[in-house]
Amino acid sequence: MASIKDVARLAGVSLGTVSNVLNRPERVGAERRARVERAIEELGFVRSEPARQLRAGMSRTVAVVVLDVTNPFFGEIVEGAEEVAEAHHAQVVVCNSAGDPAREARHLDRLLQQQVGGILLSPVHEVAGAAQLASRRSRPPVVFVDRVPSGSGFASVAVDDVRGGALVGELLSDTRHERIAFAGGPSGLRQVVDRLHGLRSAFRGREPVHVIDVDELTIRTGARVLDDLLALPAATRPTAVFCANDLLAIGVLNACVRRGVAVPDELSVVGYDDISFAETASVPLTTVAQPARRLGVEAAQLLLGGEQRSVVFSPELVVRSSTRPAPAG
(Lines give C-alpha, C1' and ligand atoms only; values in the text may rest on other atoms or scores of the structure.)
Protein backbone atom coordinates (compact mmCIF):
# COMPACT_ATOMS: atom_id res chain seq x y z
CA MET A 1 0.00 0.00 0.00
CA ALA A 2 1.39 3.40 -0.96
CA SER A 3 2.38 5.74 1.86
CA ILE A 4 2.44 9.52 2.16
CA LYS A 5 6.21 9.32 1.71
CA ASP A 6 5.72 7.58 -1.64
CA VAL A 7 3.37 10.36 -2.74
CA ALA A 8 5.85 13.06 -1.71
CA ARG A 9 8.72 11.29 -3.52
CA LEU A 10 6.80 10.85 -6.76
CA ALA A 11 5.44 14.42 -6.72
CA GLY A 12 8.84 15.87 -5.79
CA VAL A 13 7.50 17.76 -2.77
CA SER A 14 7.86 17.63 1.01
CA LEU A 15 5.76 15.53 3.38
CA GLY A 16 4.30 18.78 4.70
CA THR A 17 3.08 19.75 1.26
CA VAL A 18 1.31 16.41 0.81
CA SER A 19 -0.25 16.80 4.26
CA ASN A 20 -1.50 20.27 3.33
CA VAL A 21 -3.01 19.01 0.07
CA LEU A 22 -4.87 16.33 2.04
CA ASN A 23 -6.03 18.55 4.90
CA ARG A 24 -5.63 22.23 3.93
CA PRO A 25 -5.45 22.35 0.10
CA GLU A 26 -6.04 26.10 0.01
CA ARG A 27 -2.53 26.56 1.42
CA VAL A 28 -0.85 24.91 -1.58
CA GLY A 29 -0.30 26.53 -4.96
CA ALA A 30 -2.20 25.15 -7.94
CA GLU A 31 0.85 23.66 -9.69
CA ARG A 32 2.18 21.75 -6.69
CA ARG A 33 -1.33 20.70 -5.66
CA ALA A 34 -1.89 19.23 -9.13
CA ARG A 35 1.40 17.27 -8.90
CA VAL A 36 0.43 15.80 -5.55
CA GLU A 37 -3.06 14.90 -6.77
CA ARG A 38 -1.61 13.16 -9.85
CA ALA A 39 0.78 11.19 -7.60
CA ILE A 40 -2.07 10.17 -5.31
CA GLU A 41 -4.09 8.92 -8.28
CA GLU A 42 -1.14 7.13 -9.89
CA LEU A 43 -0.16 5.35 -6.68
CA GLY A 44 -3.74 4.65 -5.58
CA PHE A 45 -2.93 6.23 -2.24
CA VAL A 46 -5.64 6.05 0.45
CA ARG A 47 -4.94 7.93 3.64
CA SER A 48 -5.28 6.17 7.01
CA GLU A 49 -8.17 7.93 8.69
CA PRO A 50 -7.56 6.33 12.13
CA ALA A 51 -3.92 7.41 12.03
CA ARG A 52 -4.90 10.96 11.02
CA GLN A 53 -7.41 11.15 13.83
CA LEU A 54 -4.92 9.89 16.39
CA ARG A 55 -2.34 12.46 15.29
CA ALA A 56 -4.98 15.13 15.66
CA GLY A 57 -5.96 13.83 19.09
CA MET A 58 -9.53 13.05 18.07
CA SER A 59 -11.66 10.30 16.61
CA ARG A 60 -14.79 10.12 14.53
CA THR A 61 -15.85 6.85 16.13
CA VAL A 62 -18.65 6.78 18.70
CA ALA A 63 -19.11 3.59 20.72
CA VAL A 64 -22.48 2.42 22.02
CA VAL A 65 -22.28 -0.15 24.84
CA VAL A 66 -25.66 -1.84 25.34
CA LEU A 67 -27.06 -4.36 27.81
CA ASP A 68 -28.48 -6.77 25.23
CA VAL A 69 -27.82 -6.47 21.51
CA THR A 70 -30.61 -8.98 20.78
CA ASN A 71 -33.27 -6.73 22.34
CA PRO A 72 -34.97 -4.53 19.71
CA PHE A 73 -35.23 -1.74 22.31
CA PHE A 74 -31.45 -1.29 22.22
CA GLY A 75 -31.44 -1.68 18.45
CA GLU A 76 -33.68 1.38 18.19
CA ILE A 77 -31.36 3.32 20.51
CA VAL A 78 -28.45 2.49 18.21
CA GLU A 79 -30.46 3.57 15.14
CA GLY A 80 -31.16 6.93 16.73
CA ALA A 81 -27.51 7.41 17.68
CA GLU A 82 -26.39 6.47 14.16
CA GLU A 83 -28.72 9.03 12.63
CA VAL A 84 -27.04 11.83 14.59
CA ALA A 85 -23.52 10.43 14.15
CA GLU A 86 -23.97 10.26 10.39
CA ALA A 87 -24.93 13.94 10.31
CA HIS A 88 -21.67 14.69 12.14
CA HIS A 89 -19.61 12.49 9.76
CA ALA A 90 -18.95 10.02 12.58
CA GLN A 91 -19.41 6.26 12.70
CA VAL A 92 -20.95 4.10 15.42
CA VAL A 93 -19.56 0.83 16.78
CA VAL A 94 -21.70 -1.35 19.04
CA CYS A 95 -20.47 -3.35 22.03
CA ASN A 96 -22.70 -5.86 23.85
CA SER A 97 -22.19 -6.31 27.60
CA ALA A 98 -24.89 -9.03 27.70
CA GLY A 99 -25.67 -7.87 31.25
CA ASP A 100 -22.22 -8.99 32.45
CA PRO A 101 -20.38 -6.32 34.52
CA ALA A 102 -16.97 -7.86 33.82
CA ARG A 103 -17.62 -7.92 30.09
CA GLU A 104 -18.80 -4.31 30.21
CA ALA A 105 -15.62 -3.31 32.04
CA ARG A 106 -13.47 -5.00 29.39
CA HIS A 107 -15.35 -3.18 26.61
CA LEU A 108 -14.81 0.17 28.33
CA ASP A 109 -11.10 -0.51 28.87
CA ARG A 110 -10.59 -1.34 25.20
CA LEU A 111 -12.59 1.66 24.01
CA LEU A 112 -10.55 3.99 26.21
CA GLN A 113 -7.32 2.43 24.93
CA GLN A 114 -8.50 2.93 21.34
CA GLN A 115 -9.25 6.60 22.06
CA VAL A 116 -12.76 6.60 20.63
CA GLY A 117 -14.38 9.98 20.20
CA GLY A 118 -17.18 9.28 22.67
CA ILE A 119 -19.12 6.55 24.48
CA LEU A 120 -22.86 6.03 24.93
CA LEU A 121 -23.23 3.60 27.82
CA SER A 122 -26.31 1.66 28.93
CA PRO A 123 -24.73 0.25 32.09
CA VAL A 124 -25.22 -2.99 33.96
CA HIS A 125 -24.58 -1.11 37.22
CA GLU A 126 -24.34 2.63 36.74
CA VAL A 127 -22.20 3.16 39.85
CA ALA A 128 -19.51 0.73 38.68
CA GLY A 129 -19.57 2.10 35.12
CA ALA A 130 -19.31 5.68 36.33
CA ALA A 131 -16.48 4.82 38.72
CA GLN A 132 -14.48 3.06 36.01
CA LEU A 133 -14.82 6.00 33.64
CA ALA A 134 -14.29 8.69 36.28
CA SER A 135 -11.02 7.04 37.35
CA ARG A 136 -9.43 7.90 34.00
CA ARG A 137 -7.68 11.27 33.85
CA SER A 138 -8.07 11.40 30.10
CA ARG A 139 -11.29 10.03 28.65
CA PRO A 140 -13.68 10.89 25.83
CA PRO A 141 -17.14 12.39 26.43
CA VAL A 142 -19.57 9.87 27.92
CA VAL A 143 -23.37 9.88 28.03
CA PHE A 144 -25.30 7.32 30.07
CA VAL A 145 -28.33 5.92 28.24
CA ASP A 146 -31.44 4.47 29.91
CA ARG A 147 -30.00 5.34 33.32
CA VAL A 148 -29.17 8.45 35.38
CA PRO A 149 -26.01 7.85 37.43
CA SER A 150 -26.54 9.84 40.64
CA GLY A 151 -23.88 12.36 41.54
CA SER A 152 -21.44 11.23 38.84
CA GLY A 153 -21.18 14.38 36.76
CA PHE A 154 -22.00 12.51 33.54
CA ALA A 155 -24.61 13.55 30.99
CA SER A 156 -27.50 11.10 30.72
CA VAL A 157 -30.71 10.27 28.88
CA ALA A 158 -33.34 8.05 30.47
CA VAL A 159 -37.01 7.30 31.01
CA ASP A 160 -38.77 7.59 34.38
CA ASP A 161 -39.03 3.87 35.17
CA VAL A 162 -40.66 4.42 38.56
CA ARG A 163 -43.49 6.24 36.80
CA GLY A 164 -43.63 3.47 34.20
CA GLY A 165 -44.11 0.84 36.90
CA ALA A 166 -46.73 3.01 38.59
CA LEU A 167 -48.70 3.24 35.32
CA VAL A 168 -48.90 -0.56 35.26
CA GLY A 169 -49.91 -0.66 38.92
CA GLU A 170 -52.66 1.88 38.35
CA LEU A 171 -53.99 -0.12 35.39
CA LEU A 172 -54.07 -3.39 37.32
CA SER A 173 -55.55 -1.76 40.42
CA ASP A 174 -58.25 -0.03 38.38
CA THR A 175 -59.14 -3.35 36.72
CA ARG A 176 -59.53 -5.07 40.12
CA HIS A 177 -56.45 -7.30 40.07
CA GLU A 178 -55.59 -8.05 43.70
CA ARG A 179 -52.96 -10.73 43.15
CA ILE A 180 -50.15 -9.63 40.86
CA ALA A 181 -46.80 -11.11 39.90
CA PHE A 182 -43.74 -9.13 38.91
CA ALA A 183 -41.09 -10.93 36.85
CA GLY A 184 -37.68 -9.35 36.34
CA GLY A 185 -33.97 -9.54 36.93
CA PRO A 186 -31.15 -9.57 37.57
CA SER A 187 -32.31 -7.99 40.83
CA GLY A 188 -29.42 -5.50 40.85
CA LEU A 189 -30.43 -3.96 37.53
CA ARG A 190 -31.68 -0.47 38.36
CA GLN A 191 -34.36 -0.47 35.65
CA VAL A 192 -35.90 -3.62 37.20
CA VAL A 193 -35.75 -2.20 40.73
CA ASP A 194 -37.40 1.07 39.67
CA ARG A 195 -40.20 -0.63 37.73
CA LEU A 196 -41.02 -2.88 40.70
CA HIS A 197 -40.93 0.11 43.06
CA GLY A 198 -43.34 2.00 40.83
CA LEU A 199 -45.69 -0.98 40.62
CA ARG A 200 -45.82 -1.29 44.40
CA SER A 201 -46.35 2.43 44.88
CA ALA A 202 -49.68 2.24 43.05
CA PHE A 203 -51.19 0.02 45.75
CA ARG A 204 -50.74 2.50 48.61
CA GLY A 205 -49.34 0.23 51.28
CA ARG A 206 -50.97 -3.02 50.19
CA GLU A 207 -48.55 -5.71 49.05
CA PRO A 208 -50.27 -7.80 46.38
CA VAL A 209 -47.06 -8.47 44.44
CA HIS A 210 -45.48 -11.91 44.09
CA VAL A 211 -41.92 -11.35 42.83
CA ILE A 212 -40.32 -13.81 40.42
CA ASP A 213 -36.58 -13.30 40.07
CA VAL A 214 -35.08 -14.27 36.71
CA ASP A 215 -31.48 -14.28 35.51
CA GLU A 216 -32.18 -12.68 32.15
CA LEU A 217 -34.92 -10.72 30.42
CA THR A 218 -35.34 -12.96 27.38
CA ILE A 219 -38.13 -14.79 25.57
CA ARG A 220 -36.89 -18.22 26.65
CA THR A 221 -37.05 -17.21 30.31
CA GLY A 222 -40.80 -16.60 29.98
CA ALA A 223 -41.53 -20.33 30.22
CA ARG A 224 -39.89 -20.42 33.67
CA VAL A 225 -42.02 -17.49 34.79
CA LEU A 226 -45.22 -19.32 33.83
CA ASP A 227 -43.98 -22.50 35.54
CA ASP A 228 -43.52 -20.49 38.73
CA LEU A 229 -47.05 -19.09 38.48
CA LEU A 230 -48.70 -22.44 37.76
CA ALA A 231 -46.90 -24.00 40.72
CA LEU A 232 -48.84 -21.72 43.08
CA PRO A 233 -52.19 -22.83 44.56
CA ALA A 234 -55.05 -21.81 42.28
CA ALA A 235 -56.78 -19.89 45.07
CA THR A 236 -53.78 -17.59 45.58
CA ARG A 237 -52.36 -17.56 42.06
CA PRO A 238 -51.82 -14.08 40.54
CA THR A 239 -54.35 -13.02 37.93
CA ALA A 240 -51.85 -10.68 36.25
CA VAL A 241 -48.10 -10.65 35.64
CA PHE A 242 -46.02 -7.55 34.92
CA CYS A 243 -42.78 -8.44 33.13
CA ALA A 244 -39.81 -6.08 33.32
CA ASN A 245 -39.47 -6.02 29.54
CA ASP A 246 -41.38 -7.05 26.43
CA LEU A 247 -39.14 -9.98 25.53
CA LEU A 248 -39.90 -11.66 28.84
CA ALA A 249 -43.61 -10.89 28.46
CA ILE A 250 -43.67 -12.36 24.95
CA GLY A 251 -42.01 -15.48 26.38
CA VAL A 252 -44.83 -15.73 28.93
CA LEU A 253 -47.43 -15.33 26.17
CA ASN A 254 -45.80 -18.08 24.11
CA ALA A 255 -45.68 -20.39 27.13
CA CYS A 256 -49.36 -19.70 27.84
CA VAL A 257 -50.23 -20.82 24.31
CA ARG A 258 -48.26 -24.06 24.78
CA ARG A 259 -49.73 -24.77 28.23
CA GLY A 260 -53.32 -23.85 27.37
CA VAL A 261 -53.53 -20.83 29.67
CA ALA A 262 -56.00 -18.30 28.25
CA VAL A 263 -54.71 -14.71 27.96
CA PRO A 264 -56.24 -12.49 29.24
CA ASP A 265 -59.18 -14.57 30.59
CA GLU A 266 -57.02 -16.55 33.04
CA LEU A 267 -53.92 -14.37 33.15
CA SER A 268 -53.33 -10.75 32.14
CA VAL A 269 -49.82 -10.05 30.86
CA VAL A 270 -48.03 -6.69 30.75
CA GLY A 271 -44.60 -5.88 29.31
CA TYR A 272 -42.29 -2.87 29.14
CA ASP A 273 -40.58 -1.09 26.19
CA ASP A 274 -43.21 -1.40 23.41
CA ILE A 275 -40.80 -3.05 20.99
CA SER A 276 -41.96 -3.67 17.42
CA PHE A 277 -43.04 -7.26 18.24
CA ALA A 278 -45.35 -6.22 21.09
CA GLU A 279 -48.31 -5.32 18.87
CA THR A 280 -47.96 -8.46 16.73
CA ALA A 281 -47.46 -10.98 19.55
CA SER A 282 -49.74 -14.04 19.78
CA VAL A 283 -51.94 -11.78 21.92
CA PRO A 284 -51.23 -8.08 21.33
CA LEU A 285 -49.28 -7.01 24.38
CA THR A 286 -50.20 -4.29 26.86
CA THR A 287 -46.94 -2.52 27.64
CA VAL A 288 -45.21 0.67 28.72
CA ALA A 289 -43.76 2.54 25.75
CA GLN A 290 -40.28 4.01 25.91
CA PRO A 291 -39.11 6.37 23.13
CA ALA A 292 -36.07 4.24 22.34
CA ARG A 293 -35.07 5.99 19.12
CA ARG A 294 -35.41 9.40 20.78
CA LEU A 295 -33.14 8.17 23.58
CA GLY A 296 -30.45 7.38 21.01
CA VAL A 297 -30.92 10.65 19.15
CA GLU A 298 -30.83 12.78 22.31
CA ALA A 299 -27.84 10.90 23.76
CA ALA A 300 -25.80 11.32 20.58
CA GLN A 301 -26.72 15.01 20.36
CA LEU A 302 -25.54 15.56 23.94
CA LEU A 303 -22.34 13.64 23.24
CA LEU A 304 -21.42 15.33 19.96
CA GLY A 305 -22.65 18.73 21.09
CA GLY A 306 -20.61 18.62 24.29
CA GLU A 307 -23.63 19.23 26.53
CA GLN A 308 -23.44 18.18 30.19
CA ARG A 309 -27.03 17.65 31.32
CA SER A 310 -29.60 14.96 32.07
CA VAL A 311 -32.76 14.37 30.05
CA VAL A 312 -35.62 12.28 31.44
CA PHE A 313 -38.54 11.24 29.23
CA SER A 314 -42.00 10.24 30.47
CA PRO A 315 -43.24 6.73 29.63
CA GLU A 316 -46.67 6.00 28.18
CA LEU A 317 -49.01 3.09 28.86
CA VAL A 318 -50.23 1.26 25.75
CA VAL A 319 -53.23 -0.96 26.51
CA ARG A 320 -53.84 -3.91 24.17
CA SER A 321 -55.58 -7.29 24.28
CA SER A 322 -53.32 -9.07 26.80
CA THR A 323 -55.04 -7.41 29.79
CA ARG A 324 -58.62 -7.29 31.03
CA PRO A 325 -60.38 -6.79 34.36
CA ALA A 326 -59.74 -9.55 36.89
CA PRO A 327 -62.28 -12.39 36.84
CA ALA A 328 -64.91 -12.20 39.58
CA GLY A 329 -64.24 -14.24 42.67
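# Close-up views of the predicted model

View 1. Residues are numbered from 1 along each chain as its sequence is written, and side-chain values use heavy atoms, leaving out hydrogens and water. Helices (H or I, at least four residues) and strands (E, at least two) are DSSP runs, numbered from the N terminus. Packing here is judged by contact, meaning heavy atoms within 4.5 Å. Buried means under 20% relative accessible area, exposed means over 50%, and partly exposed lies in between (1.4 Å probe, protein chains only). As background, an α-helix has 3.6 residues a turn, so residues three or four places apart point the same way.

**View 2. Helix α6 from end to end covers residues 101-113.** At the start of the helix, a side-chain oxygen of Asp-100 comes within 3.0 Å of the backbone nitrogen of Ala-102. After α6 comes Gln-115, whose phi is positive, near 55 degrees.

**View 3. Asp-194 and Arg-147 form a salt bridge, with their closest N and O atoms 3.3 Å apart.** Asp-194 lies in helix α9 and Arg-147 in the loop between β4 (142-145) and β5 (155-159), so this pair ties together parts that are 47 residues apart in sequence. A salt bridge is a side-chain nitrogen of Lys or Arg within 4 Å of a carboxyl oxygen of Asp or Glu, and by this rule the count comes to 15. Both partners are buried, Asp-194 at 13% relative accessibility. Helix α9 covers residues 190-201. Leaving aside residues up to four places away in sequence, Asp-194 touches Arg-147, Asp-161 and Val-162. Look around and you will find a network of salt bridges linking Arg-147, Asp-161, Arg-190, Asp-194 and Arg-195.

**View 4. Arg-293 and Glu-83 meet through their side chains in a salt bridge (3.0 Å, N to O).** Arg-293 belongs to helix α12 (residues 292-305) and Glu-83 to helix α5 (residues 72-87), so the pair joins parts that are 210 residues apart in sequence. Arg-293 is partly exposed at 35% relative accessibility, and Glu-83 is partly exposed at 43%.

**View 5. Asp-227 and Arg-259 form a side-chain salt bridge (2.6 Å, N to O).** This one links distant parts of the chain, 32 residues apart: Asp-227 is in helix α10 (residues 222-230) and Arg-259 in helix α11 (residues 246-259). Asp-227 is partly exposed at 39%, and Arg-259 is partly exposed at 48%.

**View 6. The whole structure holds 0 disulfides, a disulfide being a pair of cysteine sulfur atoms within 2.5 Å.** Cys-243 is in no disulfide, and its nearest cysteine sulfur, that of Cys-256, is 9.3 Å away. Cys-243 is buried, at 0% relative accessible area. Cys-256 is buried too, at 1%.

Terms used:
Predicted model: local features only at pLDDT ≥ 70, side-chain atom pairs only at ≥ 80, totals over all residues. Expected span 1.5 Å × (residues − 1). Polar contact = N/O pair within 3.5 Å; in protein donor to acceptor, adjacent residues only side chain to side chain.
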